[in-house]
Amino acid sequence: MAVSPAQRASYANDHHTTIPFEKSPRALAGPGDPRHVTHALLASGWTLTSAPGDPRITLTGPDEARHQVAIDPFASGSPWRIQAADLTWYASFDRMVPAEIIAGFTDGLLHGPRRDDTGPWEHMQKASWAVERQPDGTGQALSPAPELPIRAELLPIFNDSSDHLAWRIIQPDHVGAPVWKMWISGLVPDHLMAGLAEQLVSDAPVLRGMYDLDHYSARQEPSPLTPQQAVEAHFTRIDAAQARARSQRRTRLTTRLLAPAAAPAAPASSRATRP
């Protein structure tokens, strides 16, 4: 299922008068437009499987993967829910998690492991996070932000057993509840966490509207992009996702067609041993 002309027109109409500003740090830039995630999934062959008219959106992956992404506006805490088809892992993201960071995770469902992938801890260390890892696989990391540092923890889920671990990543606020949190548990593939960490630690700003300032600690600077250029940047992203998905499908089809056929089994009479 591709992004339809009507969906493109709707996105362009929503943003054509939005004056783009660069917001940083990205972790405090606010949620942004969820279509940064969902349009890339649709362009890559995912299907909208929620009922028509249902404000809760469910997208399901193609072929044998069948991963599922759900966005529930009625959820009190974490409207983003992503899970494996075989239920071996589960991820949830609060409303205030920037879409660009969530896309670091979901884009991994589209392109698979990359040749130059490193693990999440390595991304954090490279970005000068304070990382502490334990021999049992658990660990924690703290971002170098002078205020409101992000805390990432990989901890046991049950009874201090390292057999079942979960990621808990929190963006604290000065007072009260955190700005946002993530929870990722189970046997989540390494490249998904690597993609998430890569976007999480990035110091590159993200685009938001002039008055779309969700946290008082975020900073904004005028973007050199015009509204039209910002919209085109989004379309370039989803067109690239669609082209990559088509290339992957051609590669899989070619691989199946070129696979050597299994040798036919010998007739039973020829396999029988003479007395």
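Is Leu148 buried or exposed? The first legend takes up this residue in the predicted model.

**View 1. Leu148 in the loop between β8 and β9.** The loop that holds Leu148 runs between strand β8 (139-142) and strand β9 (151-156). Leu148 counts as buried because its relative accessibility is 8%, and buried means under 20%. Its phi is near 50°, a positive value in a residue other than glycine.

**View 2. Leu87 in the loop between β5 and β6.** Strands β5 (80-83) and β6 (89-93) stand on either side of the loop with Leu87. Phi of Leu87 is near 60°, which is again a positive value in a residue that is not glycine. Leu87 is exposed, because its relative accessible area is 62% and exposed means over 50%.

**View 3. The cis peptide bond from Ser24 to Pro25.** Omega of this bond is near -10°. Pro25 belongs to the loop between strand β1 (20-24) and helix α2 (35-43).

**View 4. The largest nonpolar core and Trp180.** This core has 55 residues, and Phe93, Phe105 and Trp180 have the most contacts inside it. Helix α3 (residues 99-111) gives the most to the core, with seven residues.

**View 5. A nonpolar surface patch made by Met1, Leu48 and Ile57.** The patch covers about 250 Å². Met1 sits in the segment before helix α1 (5-15). Met1 counts as partly exposed because its relative accessibility is 46%.

Key: Residues numbered from 1 in each chain as written. Predicted model: local features only at pLDDT ≥ 70, side-chain atom pairs only at ≥ 80, totals over all residues. Heavy atoms only, no water. Patch = residues over 30% accessible without salt bridge, like charges linked within 9 Å, V, L, I, M, F, W, Y side chains within 5 Å. Areas by Shrake-Rupley, 256 points an atom, 1.4 Å probe, with all protein chains shown as cover. Salt bridge = Lys/Arg side-chain N within 4 Å of Asp/Glu carboxyl O. Helix = DSSP H or I, 4+ residues; strand = E, 2+ residues; numbered from the N terminus. Buried < 20%, exposed > 50% of the residue type's maximum accessible area, 1.4 Å probe, protein only. Core = buried A, V, L, I, M, F, W, Y, C linked by side-chain atoms within 4.5 Å.
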